[in-house]
Amino acid sequence: MINAIRNFFTPPVFEEDEDKSRTAGVLFRILIATYILLPTAILVLIINPGVGGFYSPIALMAVVLVTVLLFIAKRGYIRAASMSLIASFLILSTIVDISANGEVRPISILSGAVIVAGGLLLGPRGSLITAILYGIKHILVLFLIHNKLVVIANPSIAPTPAIDGITTFIAYFMIAIVFGLASNSIYSALTQVRQSEAKLTVSNQQLQELTQNLEQRIQQRTTDLEEASALSEKRARQFEAITRISSTITSVQNLQELLPRISEVISRQFGFYHVGIFLTDASRQYAVLSAANSDGGRKMLKRSHQLKIGEQGIVGYVTGTGKPRVALDVGEDIVFFNNPDLPETHSEMALPLQIAGNIIGALDVQSIEPNAFSVEDVNILSVLADQVSLAIQNARLFDQSAKLLSESEAIQHQYLRDTWSRLPQEENFAGFRYSAVGSTQIELGEKVQPIDNSAYNEIVTPIKIRNETIGTLSIHIPQHERVTTDQMDLIKAVAERVALSAENARLFEETSRRASRESLVSDITTKIRSTNSPQEMIKTAVEELQRALGATRVEIIPRKNVPSPDK
């Protein structure tokens, strides 16, 4: 029961509308204060029976009205209840003014409080509207009484001084409550303003901190982006340089020309102070400087500069381990920078040159800048080292191929010379003569009648097979005739066709002889295998050899046992 009463007099809360909740709180406080004061007013009216008969019903109606307004406010109709409350105060003051014949009564003091309550409950315009209504009401009451349009039937209902005192107390009490609520609202508003201001100050500080942090982050991001952009541009230039270097070194196939070209191009494209190429010797004991671009490097080349693999310098370390190495001119690495031929070096990097896991040398690059090489530089320049390794390997293979080709051509030329030098003896002829009467064969050792050189000019064209001369094509023409360029080209073309035909004929004849020999050997072997008797095998072999070679006598002599010197 107590909880129900407490709940009934508790103002509703509207989470989505803070102003409405505040107005509901003010309305309920005014209504509760009215509930408290009404029983006092009724008690006074009962004590004063002269006016009680007139005001008691009004007081009871006020209790009922306040209860109804509480129910309306509980259902959320705060504005309707507020307007009804202001209207009730206006009606009550009108009744009091009429009962006093227009004289200002103590309860009329409530008009100021009601105007303030109108502002609290209905907003800023509520005070103005309430004040206007009170003014109109006062003028209307004075007009009615002055023209005697309203006459009090029973003057005894006029309040006594005691009633006036009590009424004045009630009026001041209500004024205190209303103004207290107004002050409370003002203080609440001020408190909210201060809190909002404090929150705004904190928010501004946080915003400033956030702005500063954001500016710092933006500045940091900008710096990072600039560094990343610079790094990307550097990497792009490096890859572009690698591409140019690759296209340059692949155009050179001679190893002696390739190595100096590599050192010069790398130094020019990357701006390195010194670029040296070391190759391992045959014994894999030393890394020998084979090419360099700098003046100091050329001095070292003249004195055949070499480093012990696995022991001397970072080049020795790299050729011994197969791992890249970067040295700086500080700390432990300072011992690598005591080379009088390269006094300006402040950073050095050596990269292994490898083919299929085998170390063939090292690429040594040196810079005049401290800390010139990073991990990324090592990774990118390792790609270049791989390209250099491949170029060196290709040049070596090219040299080997050229050497093998040269040896093969020499063997081929020797074979052609031997073959064509034996051919005249084997075939017993020295050549052919062609004339208007036909062609005749020149026998080996035959005396050839000389041509009258006074009447003819001789044109001699070599007959070549793979740049090896196997004969000559000699043409005699009358002296008064001149050989044109077309005729000379025709003679050369005929000489080429003669060489090709002669070589094809020789090869065909040689192949035929070889085929006949293989066939004869195969037939003899078949006949020998046709019997299982050793004597018959020997007899068959002797007869077949005698028949194939046209020999008068063929003997097979068994090998005699020769005693060893120890016996």
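Residues are called buried under 20% relative accessible area, exposed over 50% and partly exposed in between (1.4 Å probe, protein chains only). The structure described here is a predicted model, in which local features need pLDDT of at least 70 and side-chain atom pairs count only at pLDDT 80 or more, while totals for chains, interfaces and linings use all residues. Residues are numbered from 1 along each chain as its sequence is written, and side-chain values use heavy atoms, with hydrogens and water left out.

Helices (H or I, at least four residues) and strands (E, at least two) are DSSP runs, numbered from the N terminus. As background, nonpolar side chains in soluble globular proteins tend to be buried together.

Attention now turns to charge pairing. A search of the whole structure finds four salt bridges, each defined as a side-chain nitrogen of Lys or Arg within 4 Å of a carboxyl oxygen of Asp or Glu. One of them joins aspartate 295 to arginine 298, with the closest N and O atoms 2.9 Å apart. These two residues are separated by about one helical turn, because they stand three residues apart in helix H9 (residues 295-302). Aspartate 295 is exposed at 57% relative accessible area, whereas arginine 298 is partly exposed at 37%.

Another salt bridge, between glutamate 509 and arginine 513, has an N to O distance of 3.1 Å. About one helical turn lies between arginine 513 and glutamate 509, since they are four residues apart in helix H12 (residues 485-528). Arginine 513 is partly exposed, with a relative accessible area of 41%, and glutamate 509 is partly exposed at 33%.

The salt bridge between aspartate 341 and arginine 303 (2.4 Å, N to O) links distant parts of the chain, 38 residues apart. Aspartate 341 sits in the loop between strand E4 (325-328) and E5, and arginine 303 in the loop between H9 and strand E3 (306-308). Aspartate 341 is buried, at 16% relative accessible area, while arginine 303 is partly exposed at 47%.

The loop between H9 and E3 also holds serine 304, whose phi is near 55°, a positive value in a residue other than glycine. A positive phi near 55° is likewise found at alanine 356, which lies in the loop between E5 and E6 and is exposed at 78% relative accessibility. For context, most residues other than glycine have a negative phi.

Glutamate 16 is located in the loop between helix H1 (2-8) and helix H2 (18-47) and is exposed, with a relative accessible area of 83%.
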